[in-house]
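The structure is shown first.

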Amino acid sequence: MKILVIGSSGQLGTQIFNLKNSLNFLDFYFCNKNDLDISSPESIDSFFVNNKFDVVINCAAYTSVDEAEKNFEYAKIINGYSIDYICKSLEKHKPDTKFIHLSTDYIFDGEFLKPICEKDNPNPISKYGKSKLLGEEMLQKSKIPSIIIRVSWLYSIFGKNFMKTIINLSKTKKSISVISDQIGSPTSANDLVECILRIIASERFNDYAQKKGIFHFCNKGSCSWYEFAKEILLLTSSDCKICPITTDEYKTLAARPKYSVLDTSKIESSFGLEINSWKEALQNTINSENTNYNKLI
Ligand SMILES: NC(=O)c1ccc[n+]([C@@H]2O[C@H](COP(=O)([O-])OP(=O)(O)OC[C@H]3O[C@@H](n4cnc5c(N)ncnc54)[C@H](OP(=O)(O)O)[C@@H]3O)[C@@H](O)[C@H]2O)c1
């Protein structure tokens, strides 16, 4: 099976690249922004005329949540219209390609009182969330068989993410203030990649892709950013203190949902997954063989 990973130099793309050697039954191709710029319909089309794949995994995105408030038009191109460009090109050149796309808990407004299901109504409160929802809409109206996986609070040993920021800050600061009134679920990129591979290997992949399935994935349980940070420092044996602060005390350009815990029961039952708790997943990441936290800065 030929699998293309778009946006391969980002956090998730690198995580897939890192696991690919243990997956030699799959034929992976990796494209970063220089190989394939998804903001250009012409580049996309000339790429897919010459290259055919069974599965495309789109890890490319404009992920700077605050910057998207100022660069909404560009965020809409990368997170929204580019999905339409890719689908139109696939419809022309290889319409049976299955498309796996990543989306986010930030398409929801945070006003839920229980974990959010796939059928719950999106209502983004940030420009980033709006641009990601546009991408979902583009994919849902295309004829390409597809799966959308919405994830939350993604972290790994690669790229930029909250876990690495906290570890790095803890090396130079005596205390760090972290928001305690936004609740969500951390998602280990390693566990997400294992989930994506289970989906691709599943006999039900084709059925769900034909039905344009939407799924939620994150590690089990929930916490605030403050609790997440405390656990990171516990597992890295840091003496740095974590102080809780409220969203009102930490102004950002973009609003974030107060509560964005995703309900993962659909993806678990559809693909027979057993998902690690967020604490187990964090421990696995921090203990992972490849991790050398002295190199993380
Ligand atoms: N990070 C999170 O906390 C989080 C949470 C929920 C959902 N997600 C979703 O999960 C997915 C993966 O996120 P991530 O953390 O891996 O993101 P990331 O580290 O920011 O990676 C995104 C990649 O997309 C590339 N890209 C940007 N513009 C491009 C273009 N025009 N053409 C081709 N590639 C382009 C970037 O390249 P450059 O760096 O060279 O610009 C980067 O390598 C995204 O869909 C994101 O929305 C992430």
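## Ligand shell

At least two residues of the shell around the ligand come from each of α1 (11-19), β4 (98-104) and α5 (127-141); helices (H or I, at least four residues) and strands (E, at least two) are DSSP runs, numbered from the N terminus. The largest contribution, 3 residues, is that of β4.

The ligand has 23 residues around it, of which L12, D37, T63, Y128 and K132 come nearest. By type, the shell holds 12 nonpolar, 8 polar and 3 charged residues. Here Ala, Val, Leu, Ile, Met, Phe, Trp, Tyr, Cys and Pro count as nonpolar, Asp, Glu, Lys and Arg as charged, and the others, Gly among them, as polar.

## Polar contacts and burial

Oxygen atoms of the ligand lie 2.9 Å from a polar backbone atom of G10, 2.8 Å from a backbone N or O atom of L12 and 2.8 Å from a polar side-chain atom of Y128. The protein buries 81% of the 900 Å² that the ligand exposes when taken alone (Shrake-Rupley method, 1.4 Å probe).

## Residue D45

D45 belongs to helix α2 (residues 41-50). D45 counts as buried because its relative accessibility is 18%, with buried meaning under 20%. Beyond its neighbours within four places in sequence, D45 contacts S89, K92 and H93 (heavy atoms within 4.5 Å).

## Model and confidence

This is a predicted model, in which local features need pLDDT of at least 70 and side-chain atom pairs count only at pLDDT 80 or more, while totals for chains, interfaces and linings use all residues. Residues are numbered from 1 along each chain as its sequence is written, and side-chain values use heavy atoms, with hydrogens and water left out.

The average pLDDT (the predictor's confidence in each residue, from 0 to 100) of the chain is 95, and 97% of the residues score at least 70. Over residues 293-297 pLDDT stays under 50.

Key. Buried < 20%, exposed > 50% of the residue type's maximum accessible area, 1.4 Å probe, protein only. Near = heavy atom within 4 Å. Polar contact = N/O pair within 3.5 Å; in protein donor to acceptor, adjacent residues only side chain to side chain.
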